[in-house]
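Reader: I want to know what stands behind the words used for this structure. Please take me through them one by one.

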Amino acid sequence: MSIDSLNWKILNCLQKNARQPNTEIGRKVGISSPAVAERIKKMEDSGIINGYFTVVSSLEAGYQFKAIITLRAFMGKLKPFLEIVKTYDEVLNCYRITGNENIVMEVVLKNQKHLETFIDQLIVYGETKTQIVLSHVVKNNDLKPWK
């Protein structure tokens, strides 16, 4: 399915607030509420829209640290790590990447002791590098049409 300009407008509205009614989206993009619903359903069915979620403040939820951790897997440890990482509650996002490291993770941690304990679990699988996040510069930026 291709994304035409009208679908991009609908996606823009949903990315700003996925809970707004179809009538409001229709008013913004210039089509009826049923037409909006039909387009959204088609984008969901085709996999363009993968889901809807709530953004939770990790700080307000009690996590003092957010960190970016990279892992350079030891020989034979990458495949087992790719399975075990899915079980770690601390991991918000995990990407397999190119370059010297194999993995980059965004994690949340309660405190410094929690960070130390978490890293101790990781070093069985490879060499880690940890950067503590100080602040968001760009946060959940909207996906826009490419030119």
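This is a predicted model: local features need pLDDT of at least 70, side-chain atom pairs count only at pLDDT 80 or more; totals for chains, interfaces and linings use all residues.

Reader: Start with charges. How many salt bridges does the structure hold?

Author: The structure holds 9 salt bridges. Lys16 and Asp142 form one of them.

Reader: What makes Lys16 and Asp142 a salt bridge?

Author: The cut-off is 4 Å between a side-chain nitrogen of Lys or Arg and a carboxyl oxygen of Asp or Glu. Lys16 and Asp142 meet at 2.6 Å, N to O. That is within the limit, so the name applies.

Reader: Which parts of the chain does this pair tie together?

Author: Lys16 lies in helix H1, residues 5-16, and Asp142 in the segment after S4. The pair therefore ties together parts that are 126 residues apart in sequence.

Reader: Why is Lys16 called exposed?

Author: Exposed means over 50% relative accessible area. Lys16 has 59%, so it counts as exposed.

Reader: And Asp142, buried or exposed?

Author: Buried means under 20%. Asp142 has 14% relative accessibility, so it counts as buried.

Reader: What makes Asp45 and Lys41 a salt bridge?

Author: Their side chains meet at 2.8 Å, N to O. The limit is 4 Å, so this pair qualifies.

Reader: Where do Asp45 and Lys41 lie?

Author: Both are in helix H3, residues 33-45. They are 4 residues apart, about one turn of the helix. An α-helix has 3.6 residues a turn, so residues three or four places apart point the same way.

Reader: Why is Asp45 called exposed, and why is Lys41 called partly exposed?

Author: Asp45 has a relative accessible area of 55%, which is over 50%, so it is exposed. Lys41 has 44%. That falls between 20% and 50%, so Lys41 is partly exposed.

Reader: How do you know that Glu106 forms a salt bridge with Lys66?

Author: Their closest N and O atoms are 3.3 Å apart. That is within 4 Å, so the pair is a salt bridge. The pair links distant parts of the chain, with Glu106 in strand S3 and Lys66 in strand S1, 40 residues apart.

Reader: What makes the link between Glu106 and Lys66 a polar contact as well?

Author: The polar limit for N or O atoms is 3.5 Å. The two side chains are in polar contact at 3.3 Å.

Reader: Are Glu106 and Lys66 buried or exposed?

Author: Glu106 is buried, and so is Lys66. Leaving aside neighbours within four places in sequence, Glu106 is in contact with residues including Ala67, Glu90 and Leu92.

Reader: What is the bridge partner of Ile68 in S3?

Author: The partner is Glu106.

Reader: How do you know that S1 and S3 pair?

Author: Pairing takes at least two bridges. S1 and S3 have 7, in the antiparallel sense, so they pair. S1 is also joined to S4 by 7 bridges, again antiparallel. In S4, Thr130 is the bridge partner of Ile69, and Glu127 stands opposite Arg72.

Reader: In what order do the strands form the sheet?

Author: The 4 strands run in the order S2-S3-S1-S4, in an open antiparallel sheet.

Reader: What makes S2 and S4 the edge strands?

Author: Each pairs on one side only.

Reader: What puts the buried residues of H5 on the same side?

Author: The buried residues of H5 are His114, Leu115, Phe118, Ile119 and Leu122. They cover an arc of only 130° around the axis, which puts them on the same side of H5. They pack against S1, H4, S2, S3 and S4.

Reader: Which side-chain atom reaches the backbone at the start of H5?

Author: A side-chain oxygen of Asn111 does, to within 3.2 Å of the backbone nitrogen of Lys113.

Reader: Why do the buried residues of H2 line one face?

Author: Those residues are Ile25, Gly26 and Val29. Seen down the axis, they fall within an arc of 100°, so they line one face of H2. H1 and H3 are among what covers them. The face turned away carries the exposed residues Thr23 and Arg27.

Reader: What follows H2?

Author: Gly30 does, and its phi is positive, near 90°.

Terms used. Residues are numbered from 1 along each chain as its sequence is written. Side-chain values use heavy atoms; hydrogens and water are left out. Buried means under 20% relative accessible area, exposed over 50%, partly exposed in between (1.4 Å probe, protein chains only). Helices (H or I, at least four residues) and strands (E, at least two) are DSSP runs, numbered from the N terminus. The arc is that of the directions from the helix axis to the C-beta atoms. Contact means heavy atoms within 4.5 Å. A polar contact is a pair of N or O atoms within 3.5 Å; within protein, one must be able to donate a hydrogen and the other to accept it, and residues adjacent in sequence count only if both atoms are side-chain atoms.
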